[in-house]
Amino acid sequence: MSGGFAGFIIGWIVLMIVLMAIGGFFMFRKFLKRMPKEDGKSTMDWEEYYVEQTVHMWSDEQKELLEELVAPVPELFRDVAKQKIAGRIGQVALERRSSQMTEDIIIEGYILATPKRDHKFLIKKLQEKQIDITPYQPLFDR
């Protein structure tokens with residue numbers, strides 16, 4: 001066996017191990033989200049519950065706003081991100097005992113649902129839409 005061919009095989013093995021590790025990481029994360037908590041429901045169960053309880057509150061404009069806000073998320077992960085964010089927005093709406101979805105609730109839920117590292121993209125998007133972020137500053141500082 002030549003040295004170049006052996007290097008190719010070793011490189012291929014390393015690449016496969018790395019790709020399998022990455023895939024396993026994401027599968028494990030999804031598995032953890034499906035594990036029931038103390039209350040008997042998983043994180044994903046709660047997300048689905050909040051979405052189902054508030055689906056009638058969303059207008060077409062508000063759905064469009066949510067679509068715009070999740071647009072920076074890579075398409076592969078967009079549906080999962082949208083489900084998580086819509087669940088958190090629904091939770092905020094139910095906690096406020098709101099009868100309809102408002103822009104304020106959508107933005108607050110979005111901020112609470114997104115990791116801190118993604119807040120700069122959200123701030124940029126809100127500024128593009130000429131939405132004042134001052135009332136939401138305490139949520140960004142969490």
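Biologist: At what angle do α4 and α5 pack, and how far apart are their axes?
Modeller: α4 and α5 pack at about 125 degrees, with their axes 8 Å apart. That makes α4 oblique to α5, because angles under 35 degrees count as roughly parallel, over 145 as roughly antiparallel, 65 to 115 as roughly perpendicular and the rest as oblique. Axes are lines fitted to C-alpha atoms, for helices over the stretch in contact, and angles run from 0 to 180 degrees between N-to-C directions.

Biologist: What is the hand of the crossing where α4 passes α5?
Modeller: Right-handed. The term applies if the near helix is turned clockwise from the far one by less than a right angle, and left-handed if anticlockwise.

Biologist: What are the ground rules?
Modeller: This is a predicted model, where local features need pLDDT of at least 70, side-chain atom pairs count only at pLDDT 80 or more, and totals for chains, interfaces and linings use all residues. Residues are numbered from 1 along each chain as its sequence is written, and side-chain values use heavy atoms, without hydrogens and water.

Biologist: Why is Arg117 called exposed?
Modeller: Its relative accessible area is 64%. Exposed means over 50%, buried under 20%, partly exposed in between (1.4 Å probe, protein chains only). So Arg117 counts as exposed. Arg117 lies in the loop between α5 and α6. Its C-alpha atom is 19 Å from that of Phe26, 91 residues away along the chain.

Biologist: What volume has the largest pocket?
Modeller: About 980 Å³. Of its 28 lining residues, Arg29, Phe77, Val80, Ala81 and Lys84 are the closest to the centre. A pocket is an open set of points on a 1 Å grid over the protein atoms alone, with protein on both sides within 12 Å along at least five of seven lines; lining residues have an atom within 4 Å of a point.

Biologist: Which element gives the largest share of that pocket's lining?
Modeller: α4, with 7 residues. Helices are DSSP runs (H or I, at least four residues), numbered from the N terminus.

Biologist: How does the lining of the largest pocket divide by class?
Modeller: Into 16 nonpolar, 2 polar and 10 charged residues. Ala, Val, Leu, Ile, Met, Phe, Trp, Tyr, Cys and Pro count as nonpolar, Asp, Glu, Lys and Arg as charged, and the others, Gly among them, as polar.

Biologist: What about the second largest pocket?
Modeller: Its volume is about 200 Å³. Trp58, Lys63 and Asp79 are among the residues that line the second largest pocket. Again α4 gives the largest share, here 4 residues. The classes are 5 nonpolar, 2 polar and 4 charged.

How values were computed:
On a 1 Å grid over the protein atoms alone, a cavity is a set of points where a 1.4 Å probe fits but cannot get out, and a pocket is an open set with protein on both sides within 12 Å along at least five of seven lines; lining residues have an atom within 4 Å of a point. Grid points are joined across faces, edges and corners, and a volume is the space filled by probe spheres set on the points. Helices (H or I, at least four residues) and strands (E, at least two) are DSSP runs, numbered from the N terminus.
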